[in-house]
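Here is my note on the model you sent over. Keep the viewer open and go through the points one by one.

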Amino acid sequence: MLSYSVKRLLMLVPVLLGMTIIVFAIIHAIPGNPALTILGTKATPEAIHNLNQSLGLDQPLYVQYFTYLKNILSGHLGTSIQDNTSIASEIWPHLAATIELSFVAMVIAVVVGINAGIISAWKQNSVFDYAAMIIALIGVSMPIFWLGLLEQWAFSVKLNWLPSIGRTDIITTVQPITNLYLIDTLLEGQFAQFWMVVRHLILPAIALATIPTAIIARMTRSSMLEVLKSDYIRTAKAKGEHMFWIVYKYALKNAFIPILTVIGLQTGLLLGGAILTETIFGWPGIGLYVYNAIQYRDYPVIQSGILVISFIFVMVNFITDLLYGLFDPRIKYR
Amino acid sequence: MSQSVQNGAAKDLVKEKGPLASALTDFWRAFRKNKPAIVGAGIVLFFIVLAVFARFIAPQGINDQNINIRLEPPSAQHWLGTDDFGRDIFSRIVFGAQLSLRVGFLAVIGSIIFGTLLGVIAGYFGKFIDTVISRFFDILLAFPSILLSIAIVSVLGPSLNNALVAIAIVNVPVFGRLVRSRVLTVKEEEYIVAARSIGMGNTRIIFNHILPNSFAPVIVQGTLNIATAILDAAGLGFLGMGAQPPQPEWGTMLSASRQYITNAPWTVLFPGLAIVLVVVGFNLMGDGLRDALDPRMKN
């Protein structure tokens, strides 16, 4: 297991290096003069010269890349063109907001998706099965930004049940400790604030959870259907074991590997999908950070934002791979 | 048992009609039994008809404005209401079908062409070139797809065509990997060894034997990917990185109308419904094609 983990980790090196090359290339692939594109056509030659110098664009390409790589490895993600702040120090609060949102969305997706899939398989061809699978089909086919807008309209505008925008009320500031507000408010003992944070999380988390819920439900159903046909399940039934335990205790364990794969993949995709959800709900996460940077052509922020999200995506997939062995001892790592 | 009966029937057909016709008959027999797939194909056909005959179906032009009827609710005259410029939403959705289907089909065809090319080269020639191409696929797949599209559009500049290019690039490794794995399997089959031993060249082997054998999974994956391509294009349009107003792309329409959702929810409701419907159609059809063409791909 350990040697497999190390081997798998080493295999990540070329992928991660390739990612840095692609992200590095973003600014260089801009047609024409990147500094002119960033500053606009009214920029003075002096301003263009200064920007070229500060971005290092006046140096040979390989020098630029190795400087870039060295900076990333030492934790320097560059400086925002828009407000001259260090991206590395700006990025964590945004990332924390996205992680909190994605985590809650994933919990919803796993709990709802797995249970819906199990019940669908258990009661195959029942009304529940048909309804669940139709809802799941619509779920994977729905643009999440549209669902987000409809949620805002229904639950904020019409019913006035939940806030439609932001992480907190405008008048309240949460004292940031970890920047994960659910944890920070509890650490501070501010239970009213905790509840406010939860209320702000509900709508964006549901919107973000829709696609993974649907995909997990479909995968759980098909994986469970296969396992439920196997001999050992028939034996368990013959022994008079209660169906509930057969399904949740014996079948789920063997059906879990493909489900785990989708969970891992979807967790990574959530981080990418967050950009749409965050834009709609004004959620100050890394997606909104990148979105705003795009509006201002703030390429260093775009580059670093994409690099950080993709890095997490790769790591989540790596961890999922390692988890297989924990859930299925039949898998031998070589 | 019905499988073996079908196989038997198929063998008879081979004698009568030749292999392609019999494969098509087999396929149609399996496909038409799948009711959801027929519904999906019907939805897709419906949107294709809308797109092709948009000029005749849409009661008004794409950009016919009338400020006197701004944000009117659905009525007999304007079936789906009007938007903030007093444009007929139904007409714009009908014309929007042209844009969404074009992006969906062209992006997927583009990624199939380049993916197949790279996949065949990697799988057939192997060794160093395989390692290079496969690592390239790994790297592209290491980015969440929507993010990579955004990165590409941020370089090329926001427009529907650039969004199309971005979506195509992002999907290249999906088909590349698929074709590569098919090539690796087919390459070892005895009839390929036989073909090589009678002196058949690489190009002929690839075009006559390997590509036709990779066809089914590519068609299935392609249909499903049209669905995601349409969703991604709408997402990019919504973020202002795809089609630009006043183009009636559905995601762009949503983005332009979101501020009116309180007073005129229909301006947001119907473009979104159009996206859901067409994507459901392609998904159902793709699932049906998979079951009919390549049952092994199920799950």
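1. Start with the two ends of chain A. H1(A) passes H13(A) in a right-handed crossing. Their axes come within 10 Å and cross at roughly 160 degrees. An angle over 145 degrees counts as roughly antiparallel, so H1(A) is roughly antiparallel to H13(A). Bear in mind that this is a predicted model.

2. Now take chain A as a whole. It has 13 helices and 0 strands. Read along the sequence, the pattern is α-α-α-α-α-α-α-α-α-α-α-α-α. The C-alpha atoms of chain A fill a box of roughly 85 × 55 × 40 Å along the principal axes.

3. Look next at another helix pair in chain A. Helix H5 (residues 87-122) and helix H9 (residues 191-228) of chain A have axes that come within 5 Å. These axes cross at roughly 35 degrees. H5(A) passes H9(A) in a right-handed crossing. What classes of residue make up the contact of H5(A) with H9(A)? There are 26 nonpolar, 6 polar and 2 charged residues.

4. Turn to the second largest pocket. Rolling a probe the size of a water molecule over the atoms shows where empty space is left. The second largest pocket has a volume of about 600 Å³. Its lining is made of 23 residues. Ser54(A), Leu55(A), Gly56(A), Asn71(A) and Gly78(A) are the ones nearest the centre of this pocket.

5. Which elements give two or more residues to the lining of the second largest pocket? They are helix H1 (2-29), helix H3 (45-54), helix H4 (61-73) and helix H13 (299-327) of chain A. H4(A) gives the largest share of this lining, 4 residues. H1(A) and H13(A), the pair from point 1, are among the contributors.

6. By class, the second largest pocket is lined by 9 nonpolar and 14 polar residues.

7. Why does the second largest pocket lie between domain 1 (34-76) and domain 2 (92-327) of chain A? Both domains give residues to its lining, so the pocket lies between them.

8. One residue of chain A deserves a look at its backbone. Most residues other than glycine have a negative phi. Asn179(A) is not a glycine, yet its phi is positive, about 70 degrees. Asn179(A) sits in the loop between helix H7 (144-158) and helix H8 (181-187) of chain A.

9. Move on to chain B. It has 12 helices and 0 strands. The pattern along its sequence is α-α-α-α-α-α-α-α-α-α-α-α. The C-alpha atoms of chain B fill a box of roughly 75 × 45 × 30 Å, again along the principal axes.

10. Pick out one helix pair in chain B. The axes of helix H7 (residues 145-156) and helix H8 (residues 160-187) of chain B come within 9 Å and cross at roughly 135 degrees. H7(B) and H8(B) are therefore oblique to each other. H7(B) passes H8(B) in a right-handed crossing.

11. Finish with a peptide bond. Most peptide bonds are trans. Is the bond that joins Pro245(B) and Pro246(B) cis or trans? The bond is cis, with an omega of about 10 degrees. Pro246(B) is found in the loop between helix H10 (202-238) and helix H11 (250-257) of chain B.

Note on methods. Residues numbered from 1 in each chain as written. Chains lettered and ligands numbered in written order. Predicted model: local features only at pLDDT ≥ 70, side-chain atom pairs only at ≥ 80, totals over all residues. Heavy atoms only, no water. 1 Å grid on protein atoms, 1.4 Å probe; cavity = no way out; pocket = protein on both sides within 12 Å on 5 of 7 lines; lining within 4 Å. Points joined across faces, edges and corners; volume = space filled by probe spheres on them. Nonpolar A, V, L, I, M, F, W, Y, C, P; charged D, E, K, R; others polar. Domains from an automatic or database assignment. Axes fitted to C-alpha atoms, helices over the stretch in contact; angles between N-to-C directions. Parallel < 35°, antiparallel > 145°, perpendicular 65-115°, else oblique. Left-handed = near helix turned anticlockwise from the far one by under 90°.
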